[in-house]
Amino acid sequence: MENKSEMHLLETENIGDIVGLLEILEDLGTPIDIATLDDSLDEERTTLLNLLNDAEALGLVNVQDGDASLTPFGTSFLKADITERKIILKDMLRKVEPFSSLIKKLMESESQEIDREELDEFIAVNFPSEDLVATFRLIITWGRYSKLLDYDSDEEIIAYIP
């Protein structure tokens with residue numbers, strides 16, 4: 001699983017969408033056929049598949065033979081309070097892209113920070129086929145929420161929080 005997660009690029013910009021998926025899986029009972037899950041959600045199939053892929057890369061969901069189920073880790077994550085979830089998420093994000101590579105880049109800097117221009121260049125070089133703005137928003141949203149990263153929007157500086 002770790003190798004898969006390190007190669008996976010998160011696509012879900014809103015953390016709440018992942019949590020919502022986990023709550024639905026818990027409510028519906030697991031495992032559940034992805035087609036049945038798709039019918040119960042008001043999302044495009046691509047969005048659901050991205051959610052499932054991201055949740056699986058984070059170790060929260062298992063997808064096998066067309067069925068999705070919560071992992072024991074996913075169940076624990078759901079039972080955690082918000083503060084605990086942020087701590088758990090901070091650790092999980094270190095293992096997935098774009099965070100894995102970005103943390104390495106930030107640690108190369110003496111101050112463990114880069115400016116917006118450097119971040120945009122990092123995204124363009126490392127994830128060239130991805131939407132630069134969407135990837136930037138994902139990094140800032142997930143990074144701030146988990147307290148893995150800090151972003152000063154006035155100075156446009158992103159910093160690693162070990």
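**Close-up views of a predicted model**

View 1. Strand E2 (residues 61-64) runs antiparallel to strand E3 (residues 67-70), and four bridges join them. Two strands count as paired if DSSP finds at least two bridges between them; helices (H or I, at least four residues) and strands (E, at least two) are DSSP runs, numbered from the N terminus. Asn62 has Ser69, in E3, as its bridge partner. Two residues lie between the strands of this hairpin, where Asp65 adopts a positive phi near 50 degrees. The model is predicted: local features need pLDDT of at least 70 and side-chain atom pairs count only at pLDDT 80 or more, while totals for chains, interfaces and linings use all residues. Residues are numbered from 1 along each chain as its sequence is written, and side-chain values use heavy atoms, with hydrogens and water left out.

**View 2. The open sheet E4-E6-E5.** Three strands, in the order E4-E6-E5, form an open sheet with antiparallel pairing. Strand E4 (113-115) and strand E5 (149-152) are at the edges with a single partner strand each, so one side of each has no neighbour in the sheet. From one strand to the next, the twist averages 20 degrees. Axes are lines fitted to C-alpha atoms, for helices over the stretch in contact, and angles run from 0 to 180 degrees between N-to-C directions. E4 is joined to strand E6 (residues 157-160) by three bridges, and Asp115 has Ile157, in E6, as its bridge partner.

**View 3. Helices H8 and H9 on the sheet.** Helix H8 (residues 116-126) lies across E4, E5 and E6 and runs at about 90 degrees to E4. Helix H9 (residues 132-146) packs on the sheet, touching E5 and E6, where contact means heavy atoms within 4.5 Å. The direction of H9 makes about 115 degrees with that of E5.
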